[in-house]
Amino acid sequence: LLADRNRTVHAFASQWVENEGRRLAIVYRQWTLLGGWTRPVDILLSPIGGSANFMGAYLDSSDRLHVIFMATEALTRRTFVFYSSAPAASADWAPSWSAPTSLADGGLGLNAGAITGDDQGNLVVIYSGNRDGSGVYSVHSKNSGMDWSIPEPVFLTYDNNLSSFSLRLTTNPQQKIRATWNVVTNLGVDEALYFANFDTANSVWETPIELERRIDLPDYFGPSF
């Protein structure tokens with residue numbers, strides 16, 4: 001859910017639709033005080049077939065919506081991160097969305113990712129991947145999504161039994177971009193919680209900080225997000 005300055009709420013999700021067969025699409029609807037909720041509209045399909053698994057959305061200061069999703073290629077089983085954007089005013093019209101652009105491959109397929117930005121046209125995406133080992137990967141844009149950097153690891157678990165999950169991004173009032181994520185086992189047990197800053201001026205991630213780690217107590221769930 002995202003809210004704009006015109007008091008319109010924008011909602012995104014993955015939902016099954018009938019489009020040349022049953023497919024998981026990115027679906028959009030919006031809410032206003034006078035009109036309530038609009039009907040759901042399927043706005044984006046995976047360009048490589050299969051399912052479009054929604055990961056995150058961001059509304060910039062020019063009222064443009066930016067969306068990321070994951071999709072897995074059936075033959076190669078490679079998982080890609082895709083990006084698309086559209087003006088908020090016409091977000092409920094599928095042709096207004098840009099053709100999905102592949103930002104990265106090597107996703108873990110956990111649908112764990114996030115996108116945010118600042119008022120200077122910077123966009124940052126993080127996602128759970130395994131290109132160079134299991135961990136958190138990032139791409140960024142300095143021109144509102146027209147061009148993107150190559151994927152780089154922000155954090156690696158160095159253990160194939162551990163994955164990054166519950167990825168979150170935010171931009172604070174000083175326009176600094178911050179990230180958090182936790183590390184889970186293959187069974188979903190929370191092991192650790194991390195935090196990191198993104199330096200937009202130099203386009204680099206600062207060294208992640210471990211905030212909390214699991215302790216061996218029977219009733220301790222773990223450092224969840």
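View 1. Arg 78 is partly exposed, with a relative accessibility of 40% (buried means under 20% relative accessible area, exposed over 50%, and partly exposed in between, with a 1.4 Å probe and protein chains only). The model is predicted, so local features need pLDDT of at least 70 and side-chain atom pairs count only at pLDDT 80 or more, while totals for chains, interfaces and linings use all residues. Residues are numbered from 1 along each chain as its sequence is written, and side-chain values use heavy atoms, with hydrogens and water left out. The side chain of Arg 78 meets that of Asp 105 in a salt bridge of 2.4 Å, N to O (a side-chain nitrogen of Lys or Arg within 4 Å of a carboxyl oxygen of Asp or Glu). Arg 78 lies in the loop between β7 and β8 and Asp 105 in strand β9, so that the pair links distant parts of the chain, 27 residues apart (strands are DSSP runs of E, at least two residues, numbered from the N terminus). Asp 105 is also partly exposed, at 25% relative accessibility.

**View 2. The four-stranded open sheet.** The strands follow the order β6-β7-β8-β9 with antiparallel pairing (two strands pair if DSSP finds at least two bridges between them). At the edges stand β6 (53-59) and β9 (101-105), each of which pairs on one side only. Within this sheet, β7 (residues 64-72) and β8 (residues 79-87) are joined by nine bridges. Thr 72 has Thr 79 in β8 as its bridge partner.

**View 3. The salt bridge between Asp 63 and Arg 5.** The two side chains meet at 3.1 Å, N to O. Because Asp 63 lies in the loop between β6 and β7 and Arg 5 in the loop between β1 (2-3) and β2 (9-18), the pair ties together parts that are 58 residues apart in sequence. Arg 5 is exposed, at 63% relative accessibility.

**View 4. Strand β16 and its partners.** Eight of the 10 residues of β16 (residues 190-199) are buried, so the strand is largely enclosed by the rest of the structure. Eight bridges join β16 to β15 in the antiparallel sense, and Val 184 has Asp 190 in β16 as its bridge partner. The hairpin of β15 and β16 has four residues between the strands, and Gly 188 takes a positive phi near 85 degrees there. Strand β18 (residues 209-213) pairs antiparallel with β16 over four bridges, with Ile 209 in β18 opposite Phe 195. Two bridges join β16 to β17 (residues 204-205), where Trp 205 is the bridge partner of Phe 198.

**View 5. Thr 185 in strand β15.** Thr 185 belongs to β15 (residues 177-185) and is buried at 18% relative accessibility. Residues up to four places away in sequence aside, Thr 185 touches Asn 161, Leu 162 and Glu 191 (contact means heavy atoms within 4.5 Å).

**View 6. The largest nonpolar core.** This core has 19 residues, and those with the most contacts inside it are Ile 126, Val 136, Leu 169, Trp 181 and Trp 205 (a nonpolar core is a set of buried Ala, Val, Leu, Ile, Met, Phe, Trp, Tyr and Cys residues joined through side-chain atoms within 4.5 Å). Two or more residues each come from β11 (123-129), β13 (152-156), β14 (162-171), β15 and β16.
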